[in-house]
Each structure stands twice: as C-alpha cells, then as structure tokens.
Amino acid sequence: MQRKWWLLAAGMAFVGLLVLLEPILMPFFIGMILAYLGDPLADWLEERGLSRRLAVSLVFSVLSVVLLIAVLILVPLLGRQLAQLISFMPMVFNWIRETVLPEIQSFTGMDFSADFDQVRSLLLGNWKETGTFAAALLGTVSKSGLAMAIWLGNIALIPVVTFYLLLDWDRMKDKLQALLPRHMEPTATKLAHDCDEVLGAFLRGQLLVMLALGIVYAIGLAIIGLKFALLIGLIAGLASIVPYLGVIVGIVIAATVAFFQFGEWWALLAVGGVFALGQLLEGVVLQPLLLGDKIGLHPVAVIFAVMAGGQLFGFTGILLALPMAAVIMVVLRYLLDRYKNSTLYDQQRDSRGVTSSAEAGAETSATQDSH
C-alpha cells in the first residue's frame, strides 16, 4: 500500500512538471510524433542492409523534403484561396438576407433580420481584420527579441529532436523494457504492443487516409471548376479524422460554393459525385489497405480527447491528446478483462473452478485406473 501511494505521488508530480514545462515541450512532442511515424520505414531500410544512421538519414531527408514542398506550395495557394473566400462571403450573406430569411419569416412569423445583421457584421468585421491582426501580431513578436528567439529556437529544435529520437528509437524501447520489474514486464510489454497497434492504426493509417481523401476531394472539385477546391479538400480531409464528418462538412461547403458560382443543378450533382467517389475509394481501397482490421479510436473518443487536451494544455495538449487516449483505451480494456475474469464480476467463478478441477482430477484417476 505504501508503494502504491508513492507511485501515485510520483504520477501527480510528473503531471505537475508537465504543466510547468508546457511552454517548451512543443518541439519535443512534435519530434516524438515524427520519430514514431518514421520508425517503421527506418526499420524496413535497416532490414534491407542499411546501417541505422544511414536509414534514419534517408527517412529524415524524405520527411524534410515533403514538409518543405508542402509549405512552399500549399501555403501560398491556401493564402490566396482564403483571401478569395473572404471576398466571396458578402454575396452569401446577402442571399441569406434577401431570400432565406423572408422564407423563414413567412413560415414561422418570426423576424430574424436584426439578429442576422449583427452576426453578419461581426463575422465580416473579424474576417476583414484578419490580415491586420496577423500583421500586428508579427510586429509585436518582432519587437520582443526574447520571444522571437524562443519561437525560432522551438522551430529549429524540431528537426534536431526528430533526428536523434529516430536514431535511438529502438534502443530506447529496449532500455525501457529492460528497466521494467520482471514480474510486470510481460503484461507491460503486451499493453505497449496493444497501444502501438492502436496508435499505428490511427496515426499512420488514419492520417494517410485523411491525406488521400483531401487530395481526391481537391482534385475532383478542381476538375469541375469549383472555386476554393484546394481549401475545401483540405478542410474535408482534416475533418475525416472523425468518420463521415469530412464528407458532411465538405459537401455542405462545396455545395454552397457551387450554388453561388454556377447556379445550376448539374454543379450540385457533380459535387455529390466527387464526394461519393471519395467515400467509395475510402471504403473499398483506403480503409482496407491502410487500416486493415486494426482497431482505432472511437470517433467520440477522438473529439473528446482533442477538446480536452486543448482545454487543459493548449497546443501541447492537442499533440498529446490522441496518444494518451489510445493508451487510456488500451489500459481500460485490460482492466475490463481483468474485472470480467474476477470474482467481483462473477462470484461463482471460484466454485466452478474448484468443481472443474475436481472433475478433471476424477477423470484423470479413472483413466489411470483403467490403464
């Protein structure tokens, strides 16, 4: 009992330390996630005869090139599409004000015009001030040499931490396993393996599914000539972290844009066809190929984990949310199995076990007598 209290105190002290160090933990957690994602590829290259350092260097180079290309190509395109979207929104608000609200008033007898005008002014005012706010924020940061240095230092630490963690990933796992108490090592190893399956299925599999869906949606919407195709595809792909949420959000946004851009039914049907194709590819190709039959996180668990992590620890909490949710889910499953195999769940278990043992002993004796 005294040992359990010491373990509880150590756990609480560790959580308190995380809270205190939260401002500097972001590059380390990002590095851990990138190292975790890149470790299977490094292991595969190592099995093909490459040294660990060379394999890690190749994986690190690939990750760096992919991230650099994404930043150089996607950021300017998304910036332009966001600017176009901001200029596009007044038309949408005017249509709602002149067409939708009168229809609602005719059916319900309630006038929402004043409330809508307040919401419209608030939203449009904030969007117009986005660029000014960003410029002011950058100006404030640049005036503070210490804040700027810390920000740049955190960004520069990410590749360094990723490289060294990826280099020593397998060695660190072996050392942690060797430090476990021998009577706990089999159970802890099994739980760690189960956690790795859940995290692998979610982080590697689901993130690749999200990326593929975002690309399919963006290309399909661009083919039909829809504005903001890249932005809508990105939003729908990110929302696909929760099953069916991506297709719902994507269809609503794309159908709204198509209605104002084309004003024809064929455009709405084309949008529906793009997202139907994406769902078909996800169900037939992407899910079986990238996720298989591995058990991922429940959609409700994903939403709650991300929101709770952000509320408690900010951006660092968001990074930690899904790994911690996977670990907690695996531990809860283990505890549930232990509970169902205990006498607390079934008080007759011991008596049945004794009876079965006695019957087995009697059968063994009878067999021996017959021989």
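## Starting at a ring pair

F262 is partly exposed, with a relative accessible area of 26%.

First, some ground rules. This is a predicted model, so local features need pLDDT of at least 70 and side-chain atom pairs count only at pLDDT 80 or more, while totals for chains, interfaces and linings use all residues. Residues are numbered from 1 along each chain as its sequence is written, and side-chain values use heavy atoms, with hydrogens and water left out.

## The overall picture

What is the secondary structure of the protein made of? It comes to 12 helices and zero strands. (Helices are DSSP runs of H or I with at least four residues, strands are runs of E with at least two, and both are numbered from the N terminus.)

Of the 371 residues, 26% are buried. Take the contacts with a separation of 6 or more: 70% of them are between residues 24 or more positions apart.

The structure holds six aromatic pairs. (Rings of Phe, Tyr and Trp, using the six-membered ring for Trp, pair if their centres lie within 6.5 Å; planes under 30 degrees apart count as stacked, over 60 as edge-to-face, and the rest as tilted.) One of these is Y217 with F275, a tilted pair at 4.5 Å centre to centre and 35° between the planes. Y217 sits in helix α7 and F275 in helix α10 (residues 265-291), so this pair ties together parts that are 58 residues apart in sequence. Y217 is buried at 0% relative accessible area, and F275 is buried at 1%.

Now back to our opening residues: F262 and W266 form a tilted pair too, with 5.1 Å centre to centre and 55° between the planes. Elsewhere, ring pairs link F60, F163 and Y164 into a cluster.

## The nonpolar cores

In soluble globular proteins, nonpolar side chains tend to be buried together. The largest nonpolar core here has 27 residues, and the ones touching the most other members are Y217, L221, L226, I232, A254, V271 and F275. (A nonpolar core is a set of buried Ala, Val, Leu, Ile, Met, Phe, Trp, Tyr and Cys residues joined through side-chain atoms within 4.5 Å.) At least two residues of this core come from each of α2, α7, α8, α9 (245-261) and α10. Which helix gives the largest share of this core? That's α10, with six residues.

Leaving out residues up to four places away in sequence, L226 touches L221, I232, A254, V257, A258, Q261 and F262. A separate core of 25 residues includes Y36, V59, L165 and A326.

## Charges that meet

Side chains of opposite charge can pair when their charged atoms come close. A search of the whole structure finds eight salt bridges. (A salt bridge is a side-chain nitrogen of Lys or Arg within 4 Å of a carboxyl oxygen of Asp or Glu.) R52 has a salt bridge to D43 at 2.7 Å, N to O, and another to E46 at 3.2 Å, N to O. R52 counts as buried at 13% relative accessibility, and D43 is buried as well, whereas E46 is partly exposed at 32%.

Over in helix α7, K190 and D194 are four residues apart, about one turn of the helix, and their side chains meet in a salt bridge of 3.0 Å, N to O. Is K190 buried or exposed? K190 is exposed, at 53%, while D194 is partly exposed, at 21%. Salt bridges that share partners also join D39, D43, E46, R52, D170 and K173 into one network.

F228 sits in the loop between α7 (185-223) and α8 (229-239). F228 isn't a glycine, yet its phi is positive, near 60°. F228 is also buried, with a relative accessible area of 4%.

Technical notes: Buried < 20%, exposed > 50% of the residue type's maximum accessible area, 1.4 Å probe, protein only. Contact = heavy atoms within 4.5 Å.
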